[in-house]
Amino acid sequence: MTSQNSGDVPDQDATTGTIRVLVAKLGLDGHDRGAKVVARILRDAGMEVVYTGLYKSPNEVVAAAVQEDVDVIGVSLLSGSHVPLFRELGRCLREAKADHIVVVAGGVIPEQDYAALWDSGVDAIVPQEARAELIVTTIRNLIAARGRV
């Protein structure tokens, strides 16, 4: 995982009591097994998870995130179109005044693209081979860093 923060913190936030995560598949990426595994890992860790399903646009993901009042958007991408899709997701979040929502990218993302994703508003990038503990800790740390734990 690559982000600015580390360390263990509780899985509850001060506002809602439970970290709420929207797991999404953007664009034409039809491989959702990993997203479903991550959703289960997060649920098992005590988080509330909403899964959007396949083939969602960045605008649809942001609308769902706002409607569901989530703390985190987790996007799994294997299609290779991560840079333009995350740019659009960041733009949609800013337009919806929802850029307070943490964004976590996961899947097959080459290291040379990390800077472009961070510039788009991605808060952390979790590699495809990440273990369950790393995924959970990453989200908890990001929420804690935002002062919601």
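Tyr55 is found in the loop between S2 and H2 (helices, H or I of at least four residues, and strands, E of at least two, are DSSP runs numbered from the N terminus). Although Tyr55 is not a glycine, its phi is positive, at about 60°. A positive phi, near 55°, is also given by Asp69, a residue other than glycine, and Asp69 is placed in the loop between H2 and S3. The model is a predicted one, in which local features need pLDDT of at least 70 and side-chain atom pairs count only at pLDDT 80 or more, whereas totals for chains, interfaces and linings use all residues. Residues are numbered from 1 along each chain as its sequence is written, and side-chain values use heavy atoms, with hydrogens and water left out.

Five strands form an open sheet in the order S2-S1-S3-S4-S5, with parallel pairing (two strands pair if DSSP finds at least two bridges between them). Strand S2 (48-51) and strand S5 (124-127) are at the edges with a single partner strand each, so one side of each has no neighbour in the sheet. From one strand to the next the twist averages 20° (axes are lines fitted to C-alpha atoms, for helices over the stretch in contact, and angles between N-to-C directions run from 0 to 180 degrees).

Strand S1 (residues 20-24) is joined to S2 by four bridges, and the two run parallel. Val23 has Tyr51 in S2 as its bridge partner. Between S1 and S2 the chain passes through H1, in a β-α-β crossover that is right-handed (with the strands pointing away from the viewer, the path from the first strand over the helix to the second runs clockwise). S1 also pairs with strand S3 (residues 72-77) in the parallel sense, over four bridges, and Ala24 stands opposite Val75 in S3.

Helix H1 (residues 33-44) lies across S1, S2 and S3 and runs at about 160° to S2 (contact means heavy atoms within 4.5 Å). Helix H2 (residues 58-68) lies across S1, S2 and S3, at about 160° to S1.

The lining of the largest pocket comprises 22 residues, of which Gly34, Val38, Gly106, Gly107 and Ile135 lie nearest its centre (on a 1 Å grid over the protein atoms alone, a pocket is an open set of points where a 1.4 Å probe fits, with protein on both sides within 12 Å along at least five of seven lines, and lining residues have an atom within 4 Å of a point). H1 gives the most to this lining, with five residues.
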